[in-house]
Amino acid sequence: MAVASSQTHTNLRRQLETITSPVARHLAALDAFMEGQVDAFEPEMRELVAFCLRHSGKRIRPMLLFYSGWRDDEDEPADSLVRAAAVVEFVHLATLVHDDILDEADLRHNATTVARRYGSDAAVLVGDALFAQALKLASDFPTVAVCRAVSESTRRVCAGEIAQTFQRGNAALSHSAYFRVIDLKTAELFRVSCSLGASLAGFETGFVEAVANFGRHLGIAYQIFDDLADYLGVEQAAGKTLGTDLAGGKFTLPLLLLLEDLAP
């Protein structure tokens, strides 16, 4: 099972490289922009922010934003898309920092978590600072729509995490309650990434709604896969601490389905 899971992660990495290639310049511009943001933070937290950026993962949400705002007539990545991608990625990084505290995780993106390296107290605060910087960047747009969308999505992500926290240890969790949690805590950022990309690129309302719906469903599928990997994955391949769901009393879909097949 572990060998199969490792092969699955290898295949996914190869597929990700194929998906990444067309937006390589966009991602390079995003990396440069975010690295330039480190100096915007106070000296006391720059080391922590830089550490977060060095281990920030696959950039799936920015890629969704770039593809949703794709225009064949543009030779270079649009500045508005790069800045919006940075907003979404800062929010995502903040959620990861806070998630690792809640899960008591040691590993994230094949590196020590912020909480393990600098302590939970500092990790909570740097996560808050990342959220704040995301909103600051969102407020720099000439329209309030970006700030409004990101603020609402961040609130919904927090609601999903709270709902999951309150359901810990609940073996009777319904499928609808589970899907509600992952829709909020994971799919929401996928959805808003697609929506922002398409709207900033000037596409019509119908297209914006369509790509947002695609992003939401992709986010749900992504979280189901992630929940399965928590049981069947290999930490070295996944790049993060596994087994935290069961240890933390989180009843995710794999365990809920197993319980339904067990005798009373």
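# Contacts, burial and packing

Trainee: Leaving aside its neighbours within four places in sequence, which residues is Val-146 in contact with?
Mentor: Val-146 is in contact with Ala-138, Phe-141, Leu-196 and Leu-200 once those neighbours are set aside, where contact means heavy atoms within 4.5 Å. The model is predicted, and local features therefore need pLDDT of at least 70 while side-chain atom pairs count only at pLDDT 80 or more, although totals for chains, interfaces and linings use all residues. Residues are numbered from 1 along each chain as its sequence is written, and side-chain values use heavy atoms, with hydrogens and water left out.

Trainee: Why is Val-146 called buried?
Mentor: Its relative accessibility is 2%, and buried means under 20% relative accessible area, with exposed over 50% and partly exposed in between (1.4 Å probe, protein chains only). Val-146 therefore counts as buried. This residue lies in helix 8 (residues 145–166), helices being DSSP runs of H or I with at least four residues, and strands runs of E with at least two, numbered from the N terminus.

Trainee: Why is the ring pair of Phe-51 and Tyr-118 called edge-to-face?
Mentor: Rings of Phe, Tyr and Trp (its six-membered ring) pair if their centres lie within 6.5 Å, and planes under 30 degrees apart count as stacked, over 60 as edge-to-face and the rest as tilted. By this rule there are 6 aromatic pairs. In one of them, the rings of Phe-51 and Tyr-118 are 5.7 Å apart, centre to centre, with 80° between the planes, and the pair is edge-to-face. The partners come from distant parts of the chain, 67 residues apart: Phe-51 is in helix 3 (residues 43–54) and Tyr-118 in helix 6 (residues 114–118). At 5% relative accessibility Phe-51 counts as buried, whereas Tyr-118, at 23%, is partly exposed.

Trainee: What makes the pair of Phe-190 and Tyr-222 tilted?
Mentor: The planes of Phe-190 and Tyr-222 are 40° apart and the ring centres 5.4 Å apart, and an angle of that size counts as tilted. Phe-190 belongs to helix 9 (residues 175–200) and Tyr-222 to helix 10 (residues 205–232), so the pair ties together parts that are 32 residues apart in sequence.

Trainee: Why are helix 2 and helix 5 called roughly perpendicular?
Mentor: The axes of helix 2 (residues 24–36) and helix 5 (residues 79–103) come within 10 Å and cross at roughly 65°, the axes being lines fitted to C-alpha atoms, for helices over the stretch in contact, with angles from 0 to 180 degrees between N-to-C directions. Angles under 35 degrees count as roughly parallel, over 145 as roughly antiparallel, 65 to 115 as roughly perpendicular and the rest as oblique. The two helices are therefore roughly perpendicular to each other. Helix 2 contributes Ala-29, Leu-30, Phe-33 and Met-34 to the contact, and helix 5 contributes residues including Val-82, Phe-90 and Leu-93.

Trainee: What makes helix 4 roughly antiparallel to helix 5?
Mentor: Helix 4 and helix 5 pack at about 155°, with their axes 9 Å apart, and that angle makes helix 4 roughly antiparallel to helix 5. Among the residues in this contact are Arg-61 and Leu-65 of helix 4 and Val-88 and His-92 of helix 5. His-92 is itself buried, at 10% relative accessibility.

Trainee: How do you know that helix 4 is largely enclosed by the rest of the structure?
Mentor: Of its 9 residues, 8 are buried, so helix 4 is largely enclosed; the buried residues include Ile-60, Phe-66 and Ser-68.
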